[in-house]
Amino acid sequence: MEREPKENTDLLSNNKVKNNILNIEPATSCDEVLQGPPDGGFRAYLIVLGSFLTNGLLFGVINSYSVIYTVLQKRLENENVPNSESKASLVGALTMGTTFFLSPLSGLLTGFLGLRSTALLGGSIATAGLLMSSFVVNHVDVLYFTYGIMYGLGASLAYTPSLAILGHYFKKYLGLVNGIVTIGSSVFTVVMPPLLEHIIVNYGLQWMFRVLAAFTVGIVLCGLLFKPTPLMIIQKPSHKHDNIKSLLKTIVSVQIWKNKKYRLWALSMPVALFGYFVPYVHIKKFIEKNFSNVNDNLPLQCIAITSGIGRLTFGYLADKRGMNRILLQQISFYVIGSLTIFLPFVASFNLLVAISLGMGLFDGAFIALIGPIAFELCGATHAAQAIGCMLGLAAPPLSLGPPIAGYIYSIYKSYKIPFILAGISPLIGATVMFSIHYQKVDPKQVDKTNGHTLPSKDSEHTTSFPSSNGSINQQTAL
């Protein structure tokens with residue numbers, strides 16, 4: 001009877017893998033490995049569904065923070081707490097920042113614990129963070145830890161495996177599958193704001209956190225699906241004295257930083273993302289201040305809907321050969337930045353909805369292109385580390401943007417300056433990315449398809465997934 005593949009969880013295994021060949025169980029032949037990911041099948045589609053739900057539950061909560069923000073801000077304001085806008089926005093900003101900042105750690109743990117165990121751990125921590133938050137809703141300083149740090153940690157640990165597992169089951173349609181999976185966050189961002197608002201109005205903020213904790217248990221159940229195929233069994237360090245060195249190599253790859261194109265891209269992204277989360281946090285407050293008798297959740301829902309369309313469309317385009325993915329991402333930043341600057345000058349709610357639709361479309365474009373660009377610049381071997389390091393660099397500006405916007409608003413009592421500054425940062429980041437086009441292509445770069453290195457004709461005993469630093473690549477994307 002054919003056995004199912006298992007993740008190698010023995011950190012001190014004596015089985016050595018020579019010449020960077022993957023550790024495959026005896027029941028799996030080399031010919032089966034060379035066939036590549038199945039690109040379909042019941043289990044593959046089930047994993048797509050699990051990843052879709054994981055992305056939706058995690059980022060549906062994070063992107064809907066503006067609903068929670070208005071409640072916390074009003075409560076702090078009633079208590080005469082100075083800088084109430086800044087302090088309330090910091091709770092949600094910490095969640096987003098922690099999720100991205102710990103991406104390198106999440107990638108590291110998937111290499112040592114396995115995809116499934118890391119996802120289960122992340123879902124459990126996120127659930128515990130939300131449940132604890134329900135008991136401290138009157139203490140913003142404690143929410144910084146339970147919701148900002150703790151939930152962000154759980155989200156980071158669950159998020160990376162939900163996307164890394166896709167590379168085990170898909171190759172030809174990897175970009176399209178990434179687009180489908182990341183639509184989950186858009187779908188849930190449409191549903192979450194009115195649901196959360198209904199629960200808060202009728203049952204209070206504490207029960208809203210408890211309901212979210214119950215939903216987040218679903219992430220744990222989805223994590224049970226993330227079982228890798230024999231194609232990408234994770235090799236662990238085989239000696240104790242190598243562990244620390246291997247850890248450092250996993251967190252920071254020297255090779256990716258020698259790549260000028262990647263270096264410019266990774267350093268331009270934090271600049272571009274400084275103002276990214278500002279509209280998600282402050283748009284509801286902006287609408288309450290400037291409009292009356294309108295659905296103040298509608299613009300956020302519009303962003304989510306068209307973001308899903310953008311992710312699917314640009315994920316499909318990313319699979320096309322000859323597509324200039326970096327240029328597409330630059331265009332998305334230019335559009336997002338321009339619309340964000342224009343936002344505070346809008347006097348018509350219908351025009352505000354139209355702007356939100358445009359922001360969402362190109363927001364989806366920028367997110368869908370992160371993974372394919374990393375694969376294009378660094379290849380399959382270093383793509384996971386490249387994405388993790390980039391997100392780690394982007395975490396501080398992502399976290400600081402909304403509180404700074406809130407602080408500026410508390411001074412001027414207007415969102416003009418905060419939104420203008422939030423829009424300028426994507427314009428600067430996109431402009432810096434022009435320098436990437438003038439860098440010479442590395443002639444040693446191997447041919448790749450969707451980030452997977454094509455096998456050599458002479459390679460009879462190797463797989464099509466090269467490894468580096470004792471561990472193979474795990475594909476990840478936003």
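Visitor: Which residue follows α9, and is its phi positive or negative?

Guide: Helices here are DSSP runs of H or I with at least four residues, numbered from the N terminus; α9 is followed by Gly204, whose phi is positive, near 100°. This is a predicted model, in which local features need pLDDT of at least 70 and side-chain atom pairs count only at pLDDT 80 or more, while totals for chains, interfaces and linings use all residues. Residues are numbered from 1 along each chain as its sequence is written, and side-chain values use heavy atoms, leaving out hydrogens and water.

Visitor: Where does α9 bend?

Guide: A bend is the angle between axes fitted to the seven residues ending at a residue and the seven starting there. In α9 the bend is about 35° at Met192, and a proline, Pro193, follows within four residues.

Visitor: Where is the kink in α4 centred, and how many of its residues are buried?

Guide: The kink, of about 30°, is centred on Val91, although α4 (84-101), with 18 residues, still reaches 25 Å from first to last C-alpha, close to the expected 26 Å. Buried means under 20% relative accessible area, exposed over 50%, and partly exposed in between (1.4 Å probe, protein chains only); 15 of the 18 residues of α4 are buried.

Visitor: Is Val432 buried or partly exposed?

Guide: Val432, placed in helix α18, has a relative accessible area of 35% and is therefore partly exposed.

Methods
Helix = DSSP H or I, 4+ residues; strand = E, 2+ residues; numbered from the N terminus. Expected span 1.5 Å × (residues − 1).
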